[in-house]
Amino acid sequence: MSFLAPAALGLASLALPLIALYMLRSRRERIEVSSLLLWETAADPLSAARPWRRLKITPLLLLQLAVLTAFVISLARPFGAEEARLGAHTVLVMDVSGSMGMVGRFGRAQQEALGWAEEMSGEQLVSVIEAGALPRVVTAFSREREEVVAAISALEVTGGDADLAEAIRLGRGLATPERPSDLVLFTDGGEAPLAAEPVAAARHLPFDETGPNWAIDALSLDRDSAGVIRAFVSVANHGAPARPVTAELEADGKVVSHLELSPAPGETDRATVPVPVGPGSVVVARLVDSEDSLPLDDQAWAALPVPTVSVVRVEGVQSPFLSALIRSIPDLTETDDPQAPPELSVINRGDPGEIDRPSWLIRTDPPPPGLRLTGLATNLGVTWQRPGEPVLDDVSLAGTAVAEAQVVATDLWLPVVRSGDVPLVLLGRVNGHRAVYFTFDMAHSNLVVQMAFPLLGAKLLEWLGGEAAGGIHPSPAGVPIPLLASGTGMVRVESPDGETVTLGANVTSFGDSGTPGVYRVQYLNADEQVGRSELAIRNFSPSESAARPRSIAVEPGSFISDQRSETIREWGLWVAALAASLMILEWWLALRRPKASRRPTAGSMMPWVTPSGRRRA
Amino acid sequence: MLVSPGLREKIGRFSLTGRGRVRSSRGGRHLSVHKGESIDFVDFREYTPGDDYRRIDHLLWARLGTPLIREFEAERELSVRVVVDRSPSMGFHQKHPAALGLAGLITYLALAGGDRVELWTLPGQGGRQAATRGPTGRHLSSWPRLEAWLEGLGIEPAEGTLGPALAAVMASGRRRYTALVSDLLVEDWRAGLDRLAGSAGGMVLHLLGSAELDPQVLGDVRLRDAETGEESDFSGTVDAYDRYRSRLDDLCEQMAKRSARSGLRYLLVEAGPDASERTFAGLAAAGMVR
């Protein structure tokens with residue numbers, strides 16, 4: 001046994017005054033008794049000439065010496081050297097991507113991580129990062145084993161991808177020059193090599209359990225030329241035997257169809273089937289007899305959008321590009337009848353007035369409520385598009401240039417396209433209606449001649465018109481659900497597992513979307529009544545279904561903890577607990593009341609003893 | 001009043017039983033080593049001149065041709081010595097009044113049985129003598145005098161020593177029935193009990209207070225011997241009380257054996273208002289009175 005503070009052992013000298021106290025005669029209350037004859041063995045005779053007495057070893061003295069010894073040892077901080085994997089600061093990166101849902105992977109990873117956490121002794125710092133689609137720090141710089149164990153135990157596999165590169169970057173960000181960090185990657189490796197490979201100061205613990213897997217990698221609902229709604233189902237075979245599997249289709253809680261598909265190993269098989277559903281219906285496809293190693297990807301969801309807006313009126317400055325755009329969309333018709341109220345307005349410059357319907361606002365003066373004009377910017381180019389934003393799916397504005405744009409500040413609108421810090425396109429909500437705002441005049445940009453313009457315009461009009469089915473296009477799990485900040489009420493999101501989260505009015509996205517399924521988004525008005533309700537579908541990420549394990553390259557010898565072969569584990573707390581226990585025992589012995597009296601005989605008589613020495617009863 | 005009227009009425013029909021035959025020359029209720037005039041026939045012997053001719057058995061004389069005399073038991077008085085301890089240790093826990101009561105009980109029993117009673121107290125008057133002899137009596141008519149003397153006894157503030165005191169008592173005559181009333185809480189209690197050897201039976205009434213039989217919880221105190229002035233430190237732990245009780249058991253056991261070795265019987269009595277009644281019950285149960 002070694003000590004971190006051996007100087008504290010000097011306190012053992014306190015035993016001497018303790019023993020001296022036992023030997024010194026103390027002042028006591030004097031009581032006169034008939035004779036000391038009866039007390040001979042119970043009391044200590046005194047000699048007036050000596051201030052001390054002979055030391056009697058009593059249980060109390062031994063216990064007090066033991067308590068003192070234990071306290072002294074605990075103060076000296078005893079420790080034992082142990083093999084340990086934890087360094088001064090260790091970041092545990094837990095992959096929660098869909099591929100970790102392969103039977104056995106995540107459970108073993110969790111157990112392994114808990115094993116690392118159990119080695120914490122109060123000296124080491126541990127952080128835990130959840131590596132999902134949006135990596136996040138679950139706990140940082142914790143010395144508490146229980147906290148780390150709870151954080152690891154609470155993690156669950158999602159249905160999305162893992163942004164391991166971002167997770168590693170987050171872990172690196174937790175390091176400081178004084179406190180270098182080790183990264184421990186609990187992952188199956190992900191799909192593609194990381195840009196950071198080989199990763200420095202990291203250790204990859206692979207989890208490579210594999211097994212046969214069928215996955216529904218696509219599900220969509222489309223109307224055919226005859227107007228019949230057909231479900232398109234695609235099933236992929238990832239290493240499973242070539243045999244038919246049955247996909248069951250359920251619409252609004254009722255089984256409506258069965259499909260039998262036979263994908264060959266490594267291939268996909270697709271089929272379409274008519275389903276009797278209407279606008280707004282949710283269809284679930286699930287494999288009923290797959291019994292594979294990754295159950296999470298055996299289900300997929302799709303919803304049928306409600307009909308979109310059909311009547312649009314362009315107000316303000318007329319634009320042939322806008323009219324052409326509207327005419328190119330089959331479900332839309334443009335109207336200029338002032339008596340016929342349109343379902344959607346496109347306001348090109350000018351005063352927007354009272355906005356009472358979904359509106360596409362183009363550089364109005366003044367800007368709509370929620371936007372504050374701070375200036376103008378010139379000669380701009382698109383530098384940023386919001387990742388994962390549905391209205392920007394397959395839309396690339398990289399070549400778009402703007403001669404002049406308003407500079408607006410907002411806490412309520414969601415910028416989806418920017419040039420540097422200048423927002424160019426924003427999504428928002430005005431008077432409870434969806435709204436898109438362009439801070440620039442399309443006539444002063446080359447947007448209208450970009451190939452992306454028709455697609456962007458169609459998506460914007462579809463989004464504006466399809467409030468009831470907004471965000472209904474399936475996205476991979478983990479992709480945040482965009483929310484429209486109305487600034488007037490809260491937003492309530494119900495997850496597929498039934499958990500409900502209420503968010504503030506200014507929150508622009510809901511990131512906890514790792515669980516595959518249907519998310520219901522309800523926008524509450526000021527008096528907490530549900531104003532509008534939307535659906536968002538997050539399906540298991542198809543790229544995770546293959547679940548092929550991969551080794552992440554790490555820089556050899558860079559793992560800091562490898563440079564130390566052992567760490568210390570202090571026992572002082574246990575020894576202090578022992579001391580406290582001994583102290584309690586000592587108190588109990590010292591304060592224990594004497595037992596009930598035991599007289600020489602019952603009553604007052606001793607047995608008669610006859611002259612011959614024999615007793616009589 | 002040392003012996004209550006009720007107890008006197010109860011014990012008036014009893015007398016002490018001694019050990020063996022008495023040697024007294026005075027008549028009484030106890031069998032003597034001599035032949036006498038009682039109605040209890042013992043033996044025949046040849047007639048010698050001077051014998052009472054009324055005791056000649058004429059039938060045997062006619063049949064055997066030799067005059068034979070019938071002999072009978074002689075009944076003599078028992079000489080009882082009552083020794084009361086009044087050392088300072090007897091001043092604790094109501095032991096002194098209880099001791100006087102026990103002495104009165106034995107005295108009354110002896111007087112009621114027609115025995116001669118001799119009172120002693122130790123230590124002696126003023127502490128100058130080891131023991132002091134008190135009055136004597138032979139009949140219940142002397143009870144008031146003896147009772148008054150006993151009632152006049154107080155605690156003698158001198159260090160008590162049993163050995164010399166009882167040696168002085170025994171010097172007045174050995175073949176006597178001895179009743180010692182004492183707490184025996186002196187260092188030479190063994191020597192004292194040994195001095196009583198040679199008595200014509202008797203008893204040791206070992207008187208202890210209830211607080212001595214069952215000590216109260218004292219805590220950490222310094223104890224001072226009332227007689228010797230010696231001091232000891234006592235820590236009121238459970239172990240200490242266990243040791244005390246063990247010591248008390250051991251002392252009582254040794255005292256009982258030592259008494260038996262001297263021909264006396266030992267009775268531990270707890271001091272208290274009814275100590276006399278309890279003691280008489282114990283004497284009767286043990287056959288010490290009849």
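The paragraphs below go through chain B and then through selected residues of chain A. This is a predicted model, in which local features need pLDDT of at least 70 and side-chain atom pairs count only at pLDDT 80 or more, while totals for chains, interfaces and linings use all residues. Residues are numbered from 1 along each chain as its sequence is written, chains are lettered from A and ligands numbered from 1 in the order in which they are written, and side-chain values use heavy atoms, with hydrogens and water left out.

Chain B has nine helices and ten strands; helices (H or I, at least four residues) and strands (E, at least two) are DSSP runs, numbered from the N terminus. Of its 290 residues, 56% count as buried, where buried means under 20% relative accessible area, exposed over 50% and partly exposed in between (1.4 Å probe, protein chains only). Among contacts in chain B with a separation of 6 or more, 73% are between residues 24 or more positions apart; a contact means heavy atoms within 4.5 Å.

Strand S10 of chain B, residues 265-270, is mostly covered, with six of its six residues buried. In a regular strand the side chains alternate between the two faces of the sheet. In S10(B), B:Arg265, B:Leu267 and B:Val269 point one way, B:Tyr266, B:Leu268 and B:Glu270 point the other way, and all are buried. Strand S7 of chain B, residues 202-208, runs parallel to S10(B) and is joined to it by six bridges; two strands pair if DSSP finds at least two bridges between them. Within this pair, B:His206 stands opposite B:Leu268.

In chain A, the loop between strand S15 (282-287) and strand S16 (299-303) holds A:Leu294. A:Leu294 counts as buried because its relative accessibility is 0%. Beyond its neighbours within four places in sequence, A:Leu294 is in contact with residues including A:Gly98, A:Asn213 and A:Phe540. A:Ser99 is 195 residues away from A:Leu294 in sequence, yet 7.7 Å away in space, C-alpha to C-alpha.

Another loop of chain A, between strand S22 (384-385) and strand S23 (401-409), contains A:Glu389. With 3% relative accessibility, A:Glu389 counts as buried. Leaving aside neighbours within four places in sequence, A:Glu389 is in contact with A:Leu414, A:Val416, A:Leu427 and A:Pro482.

A:Trp574, in contrast, is exposed, with a relative accessible area of 67%. A:Trp574 is located in helix H9 of chain A, residues 572-591.
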